[in-house]
Amino acid sequence: MAALRGTLLLTRPKSALAGSLAGSCLADRCLWDRLHAQPRVGNGPTFDWFFGYEEVQELLLPLLQEAPAASPPRVLDVGCGTSNLCTGLYTQSPYPVDVLGVDFSPVAVAHMNSLLQGGQGQAPLYPRHPDSHLRFMQADAQNLRPVAASGSFQLLLDKGTWDAVARGGLPGAYQLLSECLRVLSPKGTLIQFSDEDPDVRLPCLEQRSPGRTVAVQELGPFRGITYFAYLVKGYY
């Protein structure tokens, strides 16, 4: 399959990653439990490595508007951590959306559920659209069967989760992709956000995503770093 290249021009900077993770096994749950338990940079309620919701809303909102056969469309964020992707969609999307964030770190899930309900000195979160919903659950993105039936989501988001899992070996990353494609509806879209070069990522996605198209959009640069959105889509 041919890869389609495009450019999405966005300008807001990415958040700084709390501490250096160089040399760490990013597939280790205990590492993420410790990271999510640390005080957040700038004392903000969420933490994003790479970038946050604002940087990619221009990419996401048209997909929600076009999502077929569901009202509201269901969105799954795998490895959501304490990112503001889920909360941004819930509080800012003008279209109805049913969002589920999953992470294997109970610390991250507890933090986000507390934030949703108005804990940590924050006001409760409310949807921009009255039909929108948001939930957070603990789950392993390599085994989503406890939380997600096959073909049940119209949009899947993976912001750095493949990158983290792949640090423990490519078989784990391939299992992650397999699970994402299993729960994705036939005409749905999976987006992997990463700084990995297309020459490396595209062959993996093309070989492991039969019956789907694979495209890439360039994002940024944000603070001097260029990122990519890898889109795996069903045929319409």
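## Basis of the model

A residue is called buried when its relative accessible area is under 20%, exposed when it is over 50%, and partly exposed in between, using a 1.4 Å probe and protein chains only. By this criterion Phe51, at 0% relative accessibility, counts as buried.

This is a predicted model, in which local features need pLDDT of at least 70 and side-chain atom pairs count only at pLDDT 80 or more, while totals for chains, interfaces and linings use all residues. Residues are numbered from 1 along each chain as its sequence is written, and side-chain values use heavy atoms, with hydrogens and water left out.

## Confidence

The pLDDT is the predictor's confidence in each residue, on a scale from 0 to 100. The protein chain averages a pLDDT of 84, and 78% of the residues score at least 70. Over residues 1-23 the pLDDT is below 50, although this stretch has 63 contacts in the model beyond near neighbours in sequence; a contact means heavy atoms within 4.5 Å. Where pLDDT is low, the predicted coordinates should not be read in detail.

## Overall organisation

The secondary structure of the protein chain comes to 7 helices and 8 strands. These elements are DSSP runs numbered from the N terminus, with helices (H or I) of at least four residues and strands (E) of at least two. Of the 236 residues in the protein chain, 52% are buried.

Among contacts with a separation of 6 or more, 78% join residues 24 or more positions apart. The protein chain exposes about 10,400 Å², of which carbon and sulfur atoms supply 51%; accessible areas come from the Shrake-Rupley method with a 1.4 Å probe, and for residues only the protein chains shown count as cover.

## Aromatic cluster

The structure holds 8 aromatic pairs. Rings of Phe, Tyr and Trp (its six-membered ring) pair if their centres lie within 6.5 Å; planes under 30 degrees apart count as stacked, over 60 as edge-to-face and the rest as tilted. The rings of Phe50 and Phe51 form a tilted pair, because their planes stand at 40 degrees, with centres 6.2 Å apart. Phe51 and Phe193 form an edge-to-face pair, because their planes stand at 90 degrees, with centres 5.6 Å apart.

Phe51 lies in the loop between helix 1 (29-37) and helix 2 (53-66), and Phe193 lies in strand 6, so this pair ties together parts that are 142 residues apart in sequence. Both Phe51 and Phe193 are buried, and Phe50 counts as buried at 7% relative accessibility. One aromatic cluster is formed by Phe50, Phe51, Phe193, Phe222 and Tyr227.

Gln192 lies in strand 6 (residues 184-194) and counts as buried, with a relative accessibility of 1%. Its side chain makes a polar contact of 2.8 Å with the side chain of Arg201. A polar contact is a pair of N or O atoms within 3.5 Å; within protein, one must be able to donate a hydrogen and the other to accept it, and residues adjacent in sequence count only if both atoms are side-chain atoms. Leaving aside neighbours within four places in sequence, the residues in contact with Gln192 include Asp158, Trp162, Leu177 and Phe228.

Phe153 lies in strand 5 (residues 153-159) and counts as buried at 0% relative accessibility. Phe153 and Leu100 are 53 residues apart in sequence, yet their C-alpha atoms are 9.6 Å apart in space. Beyond neighbours within four places in sequence, Phe153 is in contact with residues including Arg74, Leu100, Ala148 and Leu184.

## Helix 3 and the cysteines

Helix 3 (residues 85-92) is mostly covered, with 6 of its 8 residues buried: Leu85, Cys86, Thr87, Gly88, Leu89 and Tyr90. The elements covering these buried residues include helix 2, strand 2 (74-78), strand 3 (98-103), helix 4 (106-116), strand 4 (133-138) and strand 5.

The structure holds 0 disulfides. Cys86 is in no disulfide, and the nearest cysteine sulfur, that of Cys80, is 5.2 Å away; a disulfide is a pair of cysteine sulfur atoms within 2.5 Å. Cys86 counts as buried at 2% relative accessibility, and Cys180 counts as buried at 2% relative accessibility.

## Backbone features around strand 7

Most residues other than glycine have a negative phi, and most peptide bonds are trans. The peptide bond from Gly220 to Pro221 is cis, with omega near 10 degrees, and Pro221 lies in strand 7 (residues 212-222). Arg223, although not a glycine, has a positive phi of about 50 degrees. Arg223 is found in the loop between strand 7 and strand 8 (225-234) and is exposed, with a relative accessible area of 55%.
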